[in-house]
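Please examine the sequence and the structure shown here.

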Amino acid sequence: MYMKQIEQLVVLQKVDDEIVLLEDELTTAPKEVSTLEAKLQVLEEEGSVLGEKIQFLTEQQKRLDGEIETDALRLKKSKNKLMMVGNNKEYHAMMREMDNLEKQNRTREEEKSAVSEELTRQLDARRDLDERMAALLAELDTARAGLDARMSDAKGRLDELASLRGQAGDAVPLPVLKRYEFIRSRLKNPVIVPVTAGICSGCHISIPPQSFIELQKGVQILSCPNCQRLIYWSNHVPAEEPAETAPAEAAQEA
């Protein structure tokens with residue numbers, strides 16, 4: 001009776017182990033997509049800032065082009081008027097005006113050059129950002145598509161495990177099952193663990209020698225005095241063998 005209960009509890013534990021992994025998958029998989037979406041949002045915000053800078057610099061460049069063109073026309077007209085000046089006073093006044101226009105235009109040309117250089121840098125940054133966004137979008141599309149498949153597979157397998165868990169639970173006496181569920185509600189998985197060479201594999205602490213002796217007798221289900229998990233002697237439940245060796249072993253046992 002003891003051995004049968006231990007075997008069924010081990011089966012139940014394996015089902016619960018897989019359930020824990022799948023539930024973790026259902027939790028972490030959407031977070032992976034959320035992380036990528038957050039990264040994309042950061043890039044989009046960066047792109048918005050770059051867009052505003054590029055728009056401002058482009059408008060500055062157009063403004064300077066217009067002002068330079070306007071001053072060039074004014075300078076041309078001033079040169080034409082210079083030929084018609086009738087006295088020295090007007091001549092010197094026209095020369096000062098032309099000199100101011102030329103200085104103003106040189107200043108604007110320098111400003112335009114600085115704006116053009118900055119605009120080039122911002123456009124390069126925009127192209128680099130666009131490439132990063134395209135790569136991230138491709139990664140996000142793949143993650144989203146994979147997420148649907150992963151979530152669907154995990155949920156389908158959880159449905160199967162729920163049925164298997166019910167079958168395994170039915171094979172365990174109710175008092176033992178209640179004890180298992182009680183511990184499971186209070187401790188991190190796993191609930192039932194083997195003891196090898198007197199060491200509990202749940203907490204990795206030695207159990208008292210007398211407890212180990214009682215455990216080896218295989219009379220009743222015991223708990224680890226350190227972590228409170230259900231324990232069994234590892235020799236009572238042999239390690240799993242590859243599927244292809246099972247028929248030969250079965251024949252030997254027969």
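The following sections describe the fold as a whole and then turn to a single side chain.

## Architecture

The model is predicted. Five helices and four strands make up the secondary structure of the protein. Read from the N terminus, the order of these elements is α-α-α-β-β-α-β-β-α.

## Overall dimensions

The protein has a radius of gyration of 40 Å, whereas a compact globule of 254 residues would have one near 18 Å. The C-alpha trace spans about 130 × 35 × 30 Å along the principal axes.

Contacts between residues at least 6 apart in sequence were also examined: 72% of them join residues at least 24 apart.

## Surface and charge

Of the 254 residues, 30% count as buried. The protein exposes about 16300 Å², and carbon and sulfur atoms supply 55% of that area.

Its side chains include 34 positive and 45 negative ones, and the centres of the two sets are 8 Å apart.

Leu 57 belongs to helix α1, which covers residues 2-82. Is this residue, Leu 57, buried or exposed? Leu 57 has a relative accessible area of 10%, and it is therefore classed as buried, the cut-off being under 20%.

Not counting residues up to four places away in sequence, Leu 57 touches Val 115, Glu 118, Leu 119 and Gln 122. Ser 116 lies 59 residues from Leu 57 along the chain, yet the C-alpha atoms of Leu 57 and Ser 116 are separated by 7.9 Å.

Technical notes
Residues numbered from 1 in each chain as written. Predicted model: local features only at pLDDT ≥ 70, side-chain atom pairs only at ≥ 80, totals over all residues. Heavy atoms only, no water. Helix = DSSP H or I, 4+ residues; strand = E, 2+ residues; numbered from the N terminus. Rg over C-alpha atoms; globule rule 2.2 N^0.38 Å. Buried < 20%, exposed > 50% of the residue type's maximum accessible area, 1.4 Å probe, protein only. Contact = heavy atoms within 4.5 Å. Areas by Shrake-Rupley, 256 points an atom, 1.4 Å probe, with all protein chains shown as cover. Lys, Arg positive; Asp, Glu negative; His and termini not counted. Charge placed at Lys NZ, Arg CZ, Asp CG, Glu CD.
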